[in-house]
Amino acid sequence: MTESATLPELLDRAASIPDTGLRLLDRHLQAEWLPWSEIRDRAQRIAGGLQELGVCRGERVALIYPTCAGFFEALFGVLVAGAVPAPLYPPVRLGRLDEYTDRTAAMLRAVDARLVLADGRVRRLLGEAVEAAAPDLGCLELSALPTRASRPVRVTDLDLALVQFSSGTTVDPKPVALSHRAVVAQTVRLNSFWPDGDGRVHSGASWLPLYHDMGLIGCVFPALERPAVLTLIPPELFVARPAVWLQTISRYRATVSPAPNFAYGLCAEKIRDEEMDGVDLSSWSVALNGAEPVAPKVLRKFQRRFSQWGFRPQALTPVYGLSEASLAVTFSDIHHPFSTRLFDRDDLADGHRAVESADGLEMVSLGRPLEGFKLRVVDRDRRDLPEGRVGKVLVRGPSLMDGYLGMEQATGAVLRDGWLDTGDLGFLVDGELFLTGREKDVLILRGRNHSPVEVEHALDAVDGVRTGCSAAFSFMAEDRETESLVVLVEARGEVAGAGYPEIASASARAVRAATGLQPDHVEVVPPGTLPRTSSGKIRRREAMQRWRGGALRPPQPVNLWRVGVAMVRSSLAASRSRRRREHS
């Protein structure tokens, strides 16, 4: 398949290959088999209904679904109709329904959604968001679409295929507009890293959310393009029972399965030996680690913990990517164990230079650019820096976004002369990429730059702290002459509030031992308190603002009365929408 193909063309081809498709597991691990051929047939029916409603080529349709068959019917139905799907995340914390409503309404407006398609359970909670954004055709379930055969729509590889939102760790998430050419180019390159020539039939397993680039572009589309079998686990099931991920890989002999760094730490920390009874991880040849900073200690801990169940060291594969590049930009070598180097902390902080040191900071190599991609590390004036110098990371490649949808100024700020400013800081050594952090997240302490990631990784080893659930930031208080370092950490659920002071003391000691920095304040908060992006990453800037404003509070327990009110409002909004359509 050439890179000038479109996603509907990939679906037509996959539908002709038997025994390929999606295996959807429910919370009881019962499997629903959904072959690509059936997805294609359902998509054509959905496309006809959308066309009957008046959805036209290029118009955006928002999708709000959990991991279920309906998501794929809607996704490919929109694509077959020539429209552009914009997957959004469903509500997962009912205690923060107001926040979810505001963000969802903002995203619906940002993509100028003509219609919202939603799962029935989710739709009951979307009334206020849909009413605030006011899409022309309202919010519908698939069963409410008209029944009509679809009409062929000519879509080219240069047309938009997808709008996905950036993670928004430092700013509000932006709508990333991706063409069919970009998405297919990314997919082809991902599939090239696990060639068929090794004698195995490759298959995937994933618990990643489908609204996230790693879950959709990194897992679903490669399984479509190959075509192959992909087993999907509900994300909420993985969070509750991490062992399900490894059990699924073993049961279905999956060869490729990605996850962010926190997931590997969660597995090493939470999975009990008895949950691994009968598990064999020897089929897992590519365990991608991306979407957030990669911690070498977490990788080694995962290796040691699961080697007795057949997990091989060379499987762990650190990668680097971002939404604006469709997904992946660099890959480390999938045939060898991940590599690290030690760099002097003072040189990194003062001279912005990467100087190797026997007792320095250990950093993970994120590998080399994918085929067709190029990297540059530049200073603030976009002048190229030599290897070993820390600067802004720029990317060029075949799967870059067209831009931020409807945001010309924001697009122009990051896309210039075909190069994407990633917003990340890093350096190259022997052609391999090492990242030091986000440009807007740098800790400035007594005139020196430090990475918040190094501080946060030090906290993962503290007893009682949730892995990957911390935020470090610096600011200048009015009554001080120097910047303050503040560390926020979430305690594990089983830790009582009386244990928080000890966690705070242990956290300060861990940061000092790992980085030489002395936190001015350590705040321990209940689990689920820190603000997160839709993909689960901590929003450091928002955490800082909430902490400084005294508004950092844990999510409230589910208020069933409030949920009921939301359901009633949703029903009323839908009734008003129907009356308006009937009147018109």
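Throughout these legends, a residue is called buried when its relative accessible area is under 20%, exposed when the area is over 50%, and partly exposed in between, as computed with a 1.4 Å probe on protein chains only. The structure is a predicted model, in which local features need pLDDT of at least 70 and side-chain atom pairs count only at pLDDT 80 or more, while totals for chains, interfaces and linings use all residues. Residues are numbered from 1 along each chain as its sequence is written, and side-chain values use heavy atoms, with hydrogens and water left out.

View 1. Glutamate 432 and arginine 368 form a salt bridge whose closest N and O atoms are 4.0 Å apart, the term standing for a side-chain nitrogen of Lys or Arg within 4 Å of a carboxyl oxygen of Asp or Glu. The pair links distant parts of the chain, with glutamate 432 in strand 22 (residues 432–438) and arginine 368 in strand 16 (residues 368–369), 64 residues apart. Strands (E, at least two residues) and helices (H or I, at least four) are DSSP runs numbered from the N terminus. Glutamate 432 is buried, with a relative accessible area of 19%, whereas arginine 368, at 44%, is partly exposed.

**View 2. Aspartate 159 forms a salt bridge with arginine 57, the closest N and O atoms being 2.8 Å apart. Because aspartate 159 lies in the loop between strand 6 (139–140) and strand 7 (160–165) and arginine 57 in the loop between helix 2 (36–53) and strand 3 (60–64), the pair ties together parts that are 102 residues apart in sequence. Arginine 57 counts as partly exposed, at 46% relative accessibility. A further salt bridge joins the side chains of glutamate 59 and arginine 114, at 2.9 Å from N to O. Here glutamate 59 belongs to the loop between helix 2 and strand 3, and arginine 114 to the loop between helix 4 (97–110) and strand 5 (115–118), so that distant parts of the chain, 55 residues apart, are linked. A network of salt bridges, and the total for the model.** Asp12, Arg40 and Asp41 are linked in a network of salt bridges. By the rule given for view 1, the count comes to 27 salt bridges. Side chains of opposite charge can pair when their charged atoms come close.

View 3. The structure holds two cavities of 30 Å³ or more, and about 150 Å³ of space lies in the largest cavity. On a 1 Å grid over the protein atoms alone, a cavity is a set of points where a 1.4 Å probe fits but cannot get out, and lining residues have an atom within 4 Å of a point. Grid points are joined across faces, edges and corners, and the volume is the space filled by probe spheres set on the points. The largest cavity is lined by 17 residues, of which Trp194, Ser203, Gly204, Cys219 and Val256 lie nearest its centre. Strand 9 (203–206), helix 8 (213–225) and strand 10 (229–232) each supply at least two residues of this lining. The lining of the largest cavity divides into ten nonpolar, six polar and one charged residue, where Ala, Val, Leu, Ile, Met, Phe, Trp, Tyr, Cys and Pro count as nonpolar, Asp, Glu, Lys and Arg as charged, and the others, Gly among them, as polar.

View 4. Four strands form an open sheet in the order 11-12-13-16, with mixed pairing, and two strands are taken to pair if DSSP finds at least two bridges between them. Strand 11 (287–289) and strand 16 are the edge strands, each of which pairs on one side only. Strand 12 (residues 316–321) and strand 13 (residues 328–331) run antiparallel and are joined by three bridges, with valine 319 opposite phenylalanine 331 and tyrosine 320 opposite threonine 330.

**View 5. Glycine 397 in its loop.** Glycine 397 has its place in the loop between strand 18 (391–396) and strand 19 (403–404), and with a relative accessible area of 22% this glycine is partly exposed. Leaving aside its neighbours within four places in sequence, glycine 397 is in contact with Gly372 and Phe373, contact meaning heavy atoms within 4.5 Å. The C-alpha atoms of glycine 397 and leucine 370, which are 27 residues apart along the chain, are separated by 8.7 Å.

**View 6. Helix 15.** Helix 15 (residues 452–459) is mostly covered, seven of its eight residues being buried. The buried residues of helix 15 are Pro452, Val453, Glu454, Val455, Glu456, Ala458 and Leu459.

Terms used: On a 1 Å grid over the protein atoms alone, a cavity is a set of points where a 1.4 Å probe fits but cannot get out, and a pocket is an open set with protein on both sides within 12 Å along at least five of seven lines; lining residues have an atom within 4 Å of a point.
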